[in-house]
Amino acid sequence: MGHGSQGVLLHPPARGEHLGALRMFVGLAIPSLVLLSTGHHDLVMYAVFGCFTGMYGRGEPHQLRLFHQVSAAAFLCACVLAGVLTSAANVGDWAFVGIETLVAGVGSVVTDRMRLRPVGPFFGVFAFGACAATPLDTTPWVPALVAVLSAVCAIAVGFAGWFRVRTWHPGKRRTPRPHLMPTLPEHLATGAMYVVAVGLAGSLATAMGWGHPYWAMASAAIPLSAAGLSAGMARGFHRVIGTYAGLVVAALALGAFTHPVFLVLLVIALQFPTELYIMRHYGLSLVFFTPLILAMTYLANPGPLRGLVLDRAAETTIGAVIGMLVLFLFMRWRREKAVTAASSA
């Protein structure tokens, strides 16, 4: 999910992640419980995507976190809106793949230029795909508004601690050092890498007739945001192994209870450990994140549990493998390009 480098078995010590996890938990619990109490549990998925805003800028001071999360909210909510409009347009399978591939490429450039952390367009790609693949029972503006209001809630929760210190520095922004800011051509090259990986994963999943190709497309984006080849490969393995373990948990939980109240409470409860471990061990966080995703997917569009589990396993695997392969080829191309440039200098 765009966080730091990890070995497959490495489990770094805690560094205060519980505060960010608690903010995420509260930011998701409020809109989700409101939706549940008003009989709109099918809209919880859109609230989850809006609440992803709370993951950004988690270690920054309140003022900088506010600007960071506003930028992230704009990106995420734009992806949700694009997704629900695509769903309403009822485009074909291959058009869906093409649009999501475009979202991945553009989203990569946009998130890089905005310097969002977690790095990369994964959450926007995931939000777009899930929203575009979910049939709508209402006007597109309703789920889009749910995402916006949930993002506002996450921002408010993230900024609430400011009232203890009330320190504000006029004009202070998230300004990077010029020599550390990659150039636009570098951002475009990274965007092209996302286009290739996400497009290939979606095309293969669609050709195979799998039910949730956006899961493969989102998984293909995971290795690409890592800082280096080894970190990207580790994250790809984490994605597969963590998902498999999470599917066991999901099968047991959803196999026993599918009542909306249980599923909404499950989504809320799983958000805390997901965020608690995502910085320390991506694979372990997926043990919690995977049943969260399946529960919210079932709430939005109920279907056979067996199909959800099998699709998630197959599409995660193929997406992660394609992402790792594209990352390896991209890194090799960039290394050869640098060698050629150095020899001709």
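In which loop does arginine 115 lie? In this predicted model, arginine 115 sits in the loop that runs between α4 and α5. Its phi is near 55°, a positive value in a residue other than glycine. Arginine 115 is also buried, because its relative accessible area of 17% falls under the 20% cut-off. The loop between α4 (93–114) and α5 (122–133) holds proline 118 as well. The peptide bond leading from arginine 117 into proline 118 is cis, and its omega is near 10°.

Is asparagine 90 buried or exposed? With a relative accessible area of 65%, asparagine 90 is over the 50% cut-off and therefore counts as exposed, whereas arginine 115, at 17%, is buried.

The packing of helices comes next. Two packed helices are described by the angle between their axes together with the distance between those axes. For α1 and helix α2 (residues 44–51), the axes come within 9 Å and cross at roughly 155°. The crossing angle is over 145°, so α1 is roughly antiparallel to α2. As for handedness, α1 passes α2 in a right-handed crossing.

Rolling a probe the size of a water molecule over the atoms shows where empty space is left. The structure holds one cavity of 30 Å³ or more, and the largest cavity contains about 50 Å³ of space. Which elements give two or more residues to the lining of the largest cavity? They are α1 (17–37) and α6 (141–159). The lining is made up of Arg23, Met24, Gly27, Cys51, Gly54, Gln69, Ala154, Val157 and Gly158. By residue class, the lining divides into four nonpolar residues, four polar residues and one charged residue.

One of the lining residues, Ala154, can be set beside an alanine elsewhere in the chain. Alanine 192 has its place in helix α8 (residues 184–207). Alanine 192 counts as partly exposed, because its relative accessibility of 39% lies between the 20% and 50% cut-offs. Between alanine 192 and alanine 154 there are 38 residues of separation in sequence and 31 Å in space, taken from C-alpha to C-alpha.

Key. Residues numbered from 1 in each chain as written. Predicted model: local features only at pLDDT ≥ 70, side-chain atom pairs only at ≥ 80, totals over all residues. Heavy atoms only, no water. 1 Å grid on protein atoms, 1.4 Å probe; cavity = no way out; pocket = protein on both sides within 12 Å on 5 of 7 lines; lining within 4 Å. Points joined across faces, edges and corners; volume = space filled by probe spheres on them. Helix = DSSP H or I, 4+ residues; strand = E, 2+ residues; numbered from the N terminus. Nonpolar A, V, L, I, M, F, W, Y, C, P; charged D, E, K, R; others polar. Buried < 20%, exposed > 50% of the residue type's maximum accessible area, 1.4 Å probe, protein only. Axes fitted to C-alpha atoms, helices over the stretch in contact; angles between N-to-C directions. Parallel < 35°, antiparallel > 145°, perpendicular 65-115°, else oblique. Left-handed = near helix turned anticlockwise from the far one by under 90°.
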